[in-house]
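Subject: Structure handover

Hello,

Here is the structure I said I would pass on. Please open it alongside this message.

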Amino acid sequence: MAQDNAAFCGVPEGVPAGVPAEAKPPPQPPQAPQRRPWGAGGGAAARKRQRYVEKDGKCNVQHGNVRETYRYLTDIFTTLVDLKWRFSLLIFILAYALTWLFFGLIWWVIAYSRGDLEHLGDHSWTPCVNNLNGFVSAFLFSIETETTIGYGHRVITDTCPEGIVLLLLQAILGSMVNAFMVGCMFVKISQPNKRAETLVFSSHAVVSLRDDRLCLMFRVGDLRDSHIVEASIRAKLIQSKQTQEGEFIPLDQTDLSVGFETGDDRLFLVSPLIISHEIDERSPFWDVSRGQLERDDFEIVVILEGMVEATGMTCQARSSYLADEVLWGHRFTPLLSLEEGFYEVDYGGFHHTVPVPTPACSARQLAAAAARRDAHLYWSIPSRLDEAAAAGGEGDPEMSPRESNGTLASPESR
């Protein structure tokens with residue numbers, strides 16, 4: 001079938017006709033086309049297209065001129081969790097240090113206002129806090145109170161009602177600070193973002209024939225022995241377009257079907273899998289040929305989601321492919337081999353591809369060529385009467401001209 005398609009669409013570039021597939025030299029890598037800057041006019045200098053999603057999954061989008069910054073404070077917990085580690089650690093340290101300093105200052109003010117600092121060494125005087133002789137000792141007493149360490153050297157007395165109220169207030173507030181900050185650090189540590197580091201995507205996507213249909217394919221794999229539960233895959237095409245009304249949409253998102261209708265998007269990711277997008281009438285690549293692909297400007301974003309088996313938390317891994325990272329006429333090399341009692345995956349060839357004979361035309365042209373070939377074969381099949389006539393027999397005189405020769409008879413011949 002691939003040879004028939006090639007006969008209609010032309011021999012793939014770089015593959016001489018009549019040469020066996022295993023003897024065909026690999027095609028020369030195409031020169032990177034000179035493209036205009038994304039969203040710029042025709043007179044601007046050409047440069048490489050800016051990625052929307054980096055290869056490691058980071059979204060290359062920055063929010064600027066955000067005036068309603070108070071919205072971040074209304075969700076302060078998520079804001080602290082989303083901060084970088086250096087800022088999270090800084091806020092964690094400052095939250096405790098400032099709280100200790102604040103209450104230590106209040107303990108020192110109470111001791112100073114009661115005159116406890118003026119009666120140091122006077123055994124007849126009952127201070128608010130025993131053995132509190134300055135700001136440093138007040139700061140240490142604040143730490144002991146909030147962390148419930150209780151060394152026993154500095155202790156509050158029952159003759160200081162304001163100290164008792166402050167002690168209750170610091171104990172309650174200290175518990176709230178502990179719960180908030182420890183909760184933030186626990187959520188930040190247990191985030192499954194690092195789990196995505198062991199979910200790998202192939203460095204290139206490929207376009208080749210699979211079951212006589214053009215398909216866009218890429219490979220995904222999981223390096224860990226623990227599995228991703230309920231794993232699912234999605235793909236989106238990011239490309240600028242202009243509507244019929246003249247509206248320019250710079251980052252239009254179009255879904256690429258990777259088996260949602262058939263359930264093939266639900267993955268059992270035990271070994272590396274090749275994800276296939278069939279280029280049919282609903283695909284945005286229906287009219288894209290090899291030559292147009294080399295000149296086109298788009299980005300394919302792939303998203304893998306699932307639950308971490310060890311923690312039950314949702315994990316998401318992302319990657320992307322630019323137009324020059326899509327190889328036309330290539331196929332991924334096999335990785336799985338059967339050993340004694342187990343299957344072995346060789347991740348050394350995870351990103352490797354091999355060239356295969358692939359028509360250079362679009363999927364629409366390929367489907368039209370297949371339809372023309374099928375129609376030609378249908379009308380060229382001789383009928384039983386034609387076979388009998390070729391053998392010297394005569395046809396049935398009661399049969400119509402349409403039935404006697406297997407073709408439509410013209411009115412003049414009837």
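Below is what was found in it, sorted by kind of contact and then by surface.

This is a predicted model, in which local features need pLDDT of at least 70 and side-chain atom pairs count only at pLDDT 80 or more, while totals for chains, interfaces and linings use all residues. Residues are numbered from 1 along each chain as its sequence is written, and side-chain values use heavy atoms, with hydrogens and water left out.

Two sets of terms come up throughout. Helices (H or I, at least four residues) and strands (E, at least two) are DSSP runs, numbered from the N terminus. Buried means under 20% relative accessible area, exposed means over 50%, and partly exposed is in between (1.4 Å probe, protein chains only).

Salt bridges

Side chains of opposite charge can pair when their charged atoms come close. A salt bridge here is a side-chain nitrogen of Lys or Arg within 4 Å of a carboxyl oxygen of Asp or Glu. The structure has 14 of them.

One joins Arg 51 to Glu 325, with 2.2 Å between the closest N and O atoms. This pair links distant parts of the chain, 274 residues apart: Arg 51 is in the loop between α1 (2–9) and α2 (70–74), and Glu 325 is in the loop between β9 (314–322) and β10 (326–328). Arg 51 counts as buried because its relative accessibility is 10%. Glu 325, at 13%, counts as buried too.

Another is formed by Asp 222 and Arg 195, whose closest N and O atoms are 3.0 Å apart. Asp 222 lies in strand β3 (residues 213–222) and Arg 195 in the loop between α6 (161–189) and β1 (199–201), so the bridge ties together parts 27 residues apart in sequence. Both Asp 222 and Arg 195 are buried.

Asp 287 and Arg 364 also meet in a salt bridge, at 2.4 Å from N to O. Here the partners are 77 residues apart, with Asp 287 in the loop between β7 (273–278) and α7 (290–295) and Arg 364 in helix α8 (residues 363–379). Asp 287 is partly exposed, with a relative accessible area of 44%, and Arg 364 is partly exposed at 43%.

Aromatic pairs

Rings of Phe, Tyr and Trp (its six-membered ring) pair if their centres lie within 6.5 Å; planes under 30 degrees apart count as stacked, over 60 as edge-to-face and the rest as tilted. The count by this rule is nine aromatic pairs. In one of them, the ring centres of Phe 102 and Phe 103 are 5.3 Å apart and the planes are at 80°, so the pair is edge-to-face. Phe 103 has 2% relative accessibility and therefore counts as buried.

Trp 107 and Phe 141 are also edge-to-face, because their planes are at 85°, with ring centres 4.9 Å apart. That pair links distant parts of the chain, from Trp 107 in helix α4 (residues 85–114) to Phe 141 in helix α5 (residues 135–147), 34 residues apart. Trp 107 and Phe 141 are both buried. There is also an aromatic cluster made of Phe 92, Tyr 96 and Trp 100.

Surface patches

Patches are made of residues with over 30% relative accessible area and no salt bridge; like charges are joined within 9 Å, and nonpolar side chains (Val, Leu, Ile, Met, Phe, Trp, Tyr) within 5 Å. Accessible areas come from the Shrake-Rupley method with a 1.4 Å probe, and for residues only the protein chains shown count as cover. Lys and Arg count as positive and Asp and Glu as negative; His and the chain ends are not counted. A charge is placed at NZ of Lys, CZ of Arg, CG of Asp or CD of Glu.

- Negative: Glu 339, Glu 340, Glu 344 and Asp 346 form a patch. Glu 344 is in strand β13 (residues 343–345) and is partly exposed at 38% relative accessibility.
- Positive: Lys 58, Lys 84, Arg 86 and Lys 194 form a patch. Lys 194 sits in the loop between α6 and β1 and is exposed, with a relative accessible area of 65%.
- Nonpolar: a patch of about 590 Å² includes Leu 90, Val 109 and Phe 135. Helix α4 gives the most to it, with six residues.

Regards
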